[in-house]
Amino acid sequence: MKVKCLSLFSALLWFSQSLPHFLLMLGLPLGRLVFGGAYIVFPLWLRPVNFLLFLLWAFFSLSYLSFGGWLRSSLKSSVLRKIILSGTVFLFLATVFNFFVTASLLEKYLTGGLTFLAFLSSVILLHNNKKILSIMIGLLFMRRKGFEPSHPYGHMRLKHACLPFHHLRLRFYYNLFL
């Protein structure tokens, strides 16, 4: 029940992020909520970007609903978990950008608050699955401490790692999504 409610809450937060992009694509003056508040009404040449961002946010929203069992999906649960993990990483980056990089106060506090709530709910949702959580922790923190993944769910010290090309990060990211 907890997973089902959390996935619905996360999906609603994702949808709340996709709605401003859809309305901006239609020409409404909500530009202070996105892109650092550079435009109040988005010019025509930027509206395809809003459409792509609307599709991205809506895709993740539907993925969360499928993950929680609200929608039927032909995707395997392992594929949905990887989509949720990539959405969580995307939310982390969006939250950092919204809180620390943007110049717009509306984007900083309104959009940033929504992305932070979505990030927290996504992390809690992933916390139910220890395997996904260990991969996420490995991605975010192990590299900085001098640890190198030697197999998908563990680590060794960098000087004892058995992987060839252990300094190449792409190999680890490639193995993560297979």
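What you see is a predicted model, where local features need pLDDT of at least 70, side-chain atom pairs count only at pLDDT 80 or more, and totals for chains, interfaces and linings use all residues. Residues are numbered from 1 along each chain as its sequence is written, and side-chain values use heavy atoms, leaving out hydrogens and water.

How much is buried? Of the 178 residues, 38% count as buried, meaning under 20% relative accessible area.

On to the fold. The chain has 6 helices and 2 strands, in the order α-α-α-α-α-β-β-α. Here helices are DSSP runs of H or I with at least four residues, strands runs of E with at least two, numbered from the N terminus. Among contacts (heavy atoms within 4.5 Å) between residues at least 6 apart in sequence, 54% join residues at least 24 apart.

Helix α1, residues 2-26, packs against helix α4, residues 105-127, at about 155°, with axes 9 Å apart; the axes are lines fitted to C-alpha atoms over the stretch in contact, and angles run from 0 to 180 degrees between N-to-C directions. So α1 and α4 are roughly antiparallel, the word for angles over 145 degrees. Who makes the contact? On α1, residues including Leu6, Phe9 and Leu13; on α4, among them Leu114, Ala118 and Leu125.

Definitions and conventions:
Buried means under 20% relative accessible area, exposed over 50%, partly exposed in between (1.4 Å probe, protein chains only). Angles under 35 degrees count as roughly parallel, over 145 as roughly antiparallel, 65 to 115 as roughly perpendicular and the rest as oblique.
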